[in-house]
Amino acid sequence: ALALALFAIVIYVRIRFHEYKFGIAGVAALIHDVLVTLGFVVVANYLGIVDAEIDLSMIAAFLTIIGYSINDTIVIFDRVRENLSDAKRLGDKIDRAAILNRSVNQTLSRTILTTATVMLVVIAQFAVNFHAGTALEGFSFALLIGMISGTYSTVFIAAPIVPWLWDREREDGLSCGASKLM
């Protein structure tokens, strides 16, 4: 079911942005977010820092993290799409890496404000439930780690994967073109 869901995300992003590169980058960031959160939860539980079990509330936390992270990633990629179309419309030279960088910078304040607002609620929920023996302790701890991971993975993992895939596409096109000349 998880593989099917990740595949569906790639297809949805492919339809929305007309490229697989954005979907692949988004899914890579999602996998990172879930693995980092799972690792922190397991280690914190093992060390006795939090009482967290992998149960339905933890699955809900992972799904919430996935939703938050893909939403944040799509906001940045949507800005990339808008900036690319503006550059084409204005006849500017298209430097896709610079456009991606500008798009991340344009959405960074929104990302930080959204994360800070949500983090205040999650920190309060975690503080109230810390060592209370409730399922919300593990849930809020996972959300806390996932929010941090989801925010930096959007900017530092998903966004850099796209120009890397663009460069690979260009290199593959050059190597194919060179073989046609020979």
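This is a predicted model: local features need pLDDT of at least 70, side-chain atom pairs count only at pLDDT 80 or more; totals for chains, interfaces and linings use all residues.
**The largest core.** Begin by selecting I9, F22 and F77. Within the largest nonpolar core, which comprises 28 residues, these three touch the most other members. Next, colour the helices that supply this core: α1 (2–17), α2 (20–47), α3 (56–90), α4 (96–129) and α5 (135–181) each contribute at least two residues. The greatest contribution, eight residues, comes from α3. In soluble globular proteins, nonpolar side chains tend to be buried together.

**Around F77.** Centre the view on F77 and display its surroundings. Apart from neighbours within four places in sequence, F77 is in contact with F17, F22, A25, G26, A158, A159 and V162.

Select V41, A44, F141 and M147, which are among the 19 residues of a second, separate core.

**The F126 and F141 pair.** The structure holds six aromatic pairs. Because F126 belongs to helix α4 and F141 to helix α5, the pair ties together parts that are 15 residues apart in sequence. Are these residues buried or exposed? F126 has 16% relative accessibility and therefore counts as buried; F141, at 9% relative accessibility, also counts as buried.

**A charge over a ring.** Finally, select R14 and Y20. The charged end of R14 sits over the ring of Y20, at 5.1 Å from the ring centre.

Notes. Residues are numbered from 1 along each chain as its sequence is written. Side-chain values use heavy atoms; hydrogens and water are left out. A nonpolar core is a set of buried Ala, Val, Leu, Ile, Met, Phe, Trp, Tyr and Cys residues joined through side-chain atoms within 4.5 Å. Buried means under 20% relative accessible area, exposed over 50%, partly exposed in between (1.4 Å probe, protein chains only). Helices (H or I, at least four residues) and strands (E, at least two) are DSSP runs, numbered from the N terminus. Contact means heavy atoms within 4.5 Å. Rings of Phe, Tyr and Trp (its six-membered ring) pair if their centres lie within 6.5 Å; planes under 30 degrees apart count as stacked, over 60 as edge-to-face and the rest as tilted. A charge sits over a ring if NZ of Lys or CZ of Arg is within 6 Å of the ring centre and within 35 degrees of the ring normal.
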